[in-house]
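Keep the viewer open while you read.

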Amino acid sequence: MASTRSIRVENLVKEYTAGKPVLNDISFTVSGKASVAIIGPSGTGKSTLIRCVNKLIPPTAGNVYVSDENITELSGKALRQARRKIGMVFQEFNLVERLSVMENVLSGRLGYVSPWRAWLRKYPQQDIDRAFELLESIGLIDFFRQRADSLSGGQRQRVGIARAIMQEPHVLLADEPTSSLDPKTSVEIMELLVALSEERGIPLIINIHDVELAKRFTSRVIGLSKGGIVYDGSPSALTNEHLKEIYGGEDWLQ
Amino acid sequence: MSSASNHTWNRFTLAQRLARFTVFLGFAVALSASLRTVEVIPEFLYDAPTQVIDLLGRMWPLDLSYYPGGIHDAMVETLHIATLGTLLAIVLAVPVGIMGANNIVRLPLLNWLAKLILVSSRSVNSLVWALLFVAIFGPGPLAGTVCIGFRSVGFVGKLFAEALEEVNPGPVEALTAAGAPWPSVFLKGYWPQVVPAFWAIFLFRWDINVRESAVIGLVGAGGVGMVLDTALNLFYWDRVSVILLSIFTVVVLAELLVTKIRKHII
Amino acid sequence: MSAAVSQKYGPPFKTNWWVRAGWTLAFLYALYAANYLDVSWVRFIQGLGNGGQFLSEMVPIDFSRWKLLVENLIETIEIAIIASAFGVFFSLPIGLLAARNLMPSWVTWVFRTFIALCRSFHPVIFAILFVKAVGFGPLAGILTLIFASIGFIGKLFAEAIEEISLKPIEALRASGAPFISVILYGVLPQVLNRFIGFSSYQFDANLRNSTMVGIVGAGGIGGTLFAAFQRFDYDFLATILISIIALVMVSEFISVQIKKVFQ
């Protein structure tokens, strides 16, 4: 590949109220087939960090580069077109429940297709072909005409992932993708995310509160605490000492 | 909250009780003031039963033969006015509703403007709207249709805006994050979520509009109301009673139809 | 190879023929009805011209007769207040008697029919009949709106009672409480808050309608409005319309405040 897909976050700061940063001077770079877990206690700004990347929440200071394009300084149509390069997977799946599975998957192409064609459901044939292939590979091909609200949680999250992959993203963001799922399904979803990331060379960033899952599936862990990065390294080097620093206290480790 | 020694239990705080008391007191004062100053001649009220019995006597027997020649076409016209007026209301209400939904349009000035349009539409009674449009378009069903449309915008637009404000923001966020342009976000994120509400609002308003379009003819805006007006002016009370009976029948049938369709859709 | 995938599974979307047929029918109907009603573009454009003239005659609005305006507004409010009070007062027993879970069916049938009658006719029809019965003036308007209120609150109140929990009533009956006590302690506490909600909504509705009943001579500002129309007195008409809108907005604001108090 000519250029590696990558994401670079530089000195990112987010304050909802002035003087009280939720995120304070965050910097990291991920490129190629890497999968990174972001761990940390609730309310520490994991969700905010993910949403600052595609400017769903505008950051207060700092820059985010996706494949060397600065997202932070964009707005309007340019921002919209840049967002197509950023796939996103959500905790509550965020599917349009009354639309079919197929239409939900194809909604990942809405950034490329004109509203008029979207309304008539005249998606380009190659998009439809890719959607069928994706649905085959994630095992949901039998459901493509069903409404999204007829699926189980795990199936819905697969559709959510397929939607993000349809964007042909340069980076894949997942915001607590397993928090609404049972343990077995959680493992399956993590496997799918990591497999897709490696197969297609898409850097993957996952917010996750389950440290064991993070260690088992990702190649790098970033620990956030009180708005700053307190750990950035391989999962195997993550010790109880680090976890204590990230989450505070130690009783829960027993 | 309360200490162990204090076992008195009050359902409401003192401020709440005071506020309630003020509301009741205010209403009582307003009522007694109204009763004292309103210009009502009690003798007329005592005379009312005699008058009503006299009226009923003139209404009976019904002149049923008047329906086929005199009422039927006007009744069909009434239904057309109600339906076409409701369709017009929807066409007008969708943009105003979108403008009024503060989760879609984030400019308070536009939200406020939309609210003003919606409140004005609802505050002016359908008969008053009918008068206005009869003055503009001349007597006839065109004035009636536009009247029903303008009168319903407030109702339809308000409910539509509320439905839009209640959508689950998740899918909308997902489509925004995928870089979808605004019209696509609306079509694929908001619209599928409000479709059931949209049809329910349409049916609900159509039901009301059947009632309203039956009377706007009293001021010349077409439909069965014009026939009623003529019969009243000529003191044909046996025809008035047939007209009232046919309005009642149509209104009840419309309500039954709406209930049936609603059950089917929702 | 890719195209083969799509061929294997057929069309990606299920065409919803019902929805398509529905929209097509609606469109065709609109054309047909417009034609039937002689609603044409030409007439519409002509009307817009008239409308422009109409609006231009409305400005500047005429406040010189403010005394008449205020008197009329006060009468309008009085009609609404009195009609709401009596309407609410009568709706209580009528709603109770129409509730199918408390009353024998022959009683509910009578009262449900009465409520349906009150609801089915637009208030202006009642207004016409009452003007014939009690003469011109606010009394006819008050009687009209009392019936309208019974139609609305009576129905909602009966439905609210039909949804209540029957357990407290069973308990009271088991303890040998007389019927009135069952109503007072078992039924009313469960529905009183909703009843107040309906009432404040109905007051708003009555206020709107009391601006209209005057058109047929039943008192309130409608009479003056109609007179202004017939005399082509459009600048005064504009003043009346604006004050009606303002009045309704104020009353909506007040009822929102009152609802907060009772929540």
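## Where chain A meets chain C

Let's begin with a contact between chains: 15 residues of chain A touch 13 residues of chain C. Keep in mind throughout that this is a predicted model. Putting chain A and chain C together buries about 1200 Å², and carbon and sulfur atoms give 59% of that area. On the chain A side, Arg121(A), Phe132(A) and Arg145(A) lose the most area to chain C, together 43% of what that side buries.

Phe132(A) turns up again when you look at the rings. The whole structure has 34 aromatic pairs over all chains, and one of them is the stacked pair of Phe132(A) and Tyr9(C), with 5.3 Å centre to centre and 20° between the planes. This pair crosses between chains: Phe132(A) is in helix α5 (residues 125-137) of chain A, while Tyr9(C) is in helix α1 (residues 2-9) of chain C. Are these two residues buried or exposed? Phe132(A) has 0% relative accessibility, so it counts as buried. Tyr9(C) has 21% relative accessibility and therefore counts as partly exposed, since buried means under 20%.

## Where chain B meets chain C

Now for the contact between chains B and C, which takes 67 residues from chain B and 59 residues from chain C. The area buried between chain B and chain C is about 5600 Å², with carbon and sulfur atoms giving 76% of it. Which three residues of chain B supply more of its buried area than any other three? They are His80(B), Ile136(B) and Leu142(B), and they supply 10% of the area that chain B buries against chain C.

There is also an aromatic cluster with members from chains B and C: Phe160(B), Trp191(B), Phe198(B), Trp199(B) and Phe202(B) form one cluster with Trp23(C).

## Rings within a chain

Inside chain C, look for Phe54(C) and Phe229(C). Their ring centres are 6.5 Å apart and their planes are at 25°, so the pair is stacked. Phe54(C) belongs to helix α3 (residues 41-58) of chain C and Phe229(C) to helix α10 (residues 221-230) of chain C, so the pair ties together parts that are 175 residues apart in sequence. Both Phe54(C) and Phe229(C) are buried.

The charged end of Arg84(A) sits over the ring of Tyr112(A), 4.3 Å from its centre. Arg109(A) also lies over the face of Tyr112(A), at 4.0 Å from the ring centre.

## The six-stranded sheet of chain A

Chain A has an open sheet of six strands, in the order β6-β7-β8-β3-β9-β10, with mixed pairing. At the edges are β6 (86-89) and β10 (228-233) of chain A, each of which pairs on one side only. From one strand to the next, the twist averages 20°. Strand β9 (residues 220-225) of chain A runs antiparallel to β10(A), and five bridges join them. Across that pairing, Ile222(A) stands opposite Asp232(A) in β10(A).

Which helices lie across strands of chain A? Helix α1 (residues 46-53) of chain A lies across β3 (35-39), β6, β7 (171-175), β8 (204-207) and β9 of chain A, at about 150° to β7(A). Helix α6 (residues 153-166) of chain A lies across β6 and β7 of chain A, at about 175° to β6(A).

## A hairpin in chain A

Strand β1 (residues 6-17) of chain A pairs with strand β4 (residues 61-66) of chain A in the antiparallel sense, over five bridges. Here Ile7(A) stands opposite Val66(A) in β4(A). β4(A) also pairs with strand β5 (residues 69-70) of chain A, antiparallel and over two bridges, with Val66(A) opposite Glu69(A) in β5(A). β4(A) and β5(A) form a hairpin with two residues between them, and Ser67(A) in the turn has a positive phi of about 45°.

The peptide bond from Trp60(B) to Pro61(B) is cis, with omega near -5°. Pro61(B) is in the loop between α2 (42-59) and α3 (66-100) of chain B.

Asp25(A) is not a glycine, yet has a positive phi of about 55°. Asp25(A) is found in strand β2 (residues 20-31) of chain A and, at 45% relative accessibility, counts as partly exposed. Phe232(C), not a glycine either, has a positive phi of about 55°. Phe232(C) lies in the loop between α10 and α11 (234-261) of chain C and is exposed, with a relative accessible area of 60%.

How values were computed. Residues numbered from 1 in each chain as written. Chains lettered and ligands numbered in written order. Predicted model: local features only at pLDDT ≥ 70, side-chain atom pairs only at ≥ 80, totals over all residues. Heavy atoms only, no water. Pairing = 2+ DSSP bridges. Helix = DSSP H or I, 4+ residues; strand = E, 2+ residues; numbered from the N terminus. Axes fitted to C-alpha atoms, helices over the stretch in contact; angles between N-to-C directions. Contact = heavy atoms within 4.5 Å. Phe/Tyr/Trp six-rings, centres within 6.5 Å; stacked < 30°, edge-to-face > 60°. Buried < 20%, exposed > 50% of the residue type's maximum accessible area, 1.4 Å probe, protein only. Lys NZ or Arg CZ within 6 Å of the ring centre and 35° of its normal. Buried area = accessible area lost by both parts, 1.4 Å probe.
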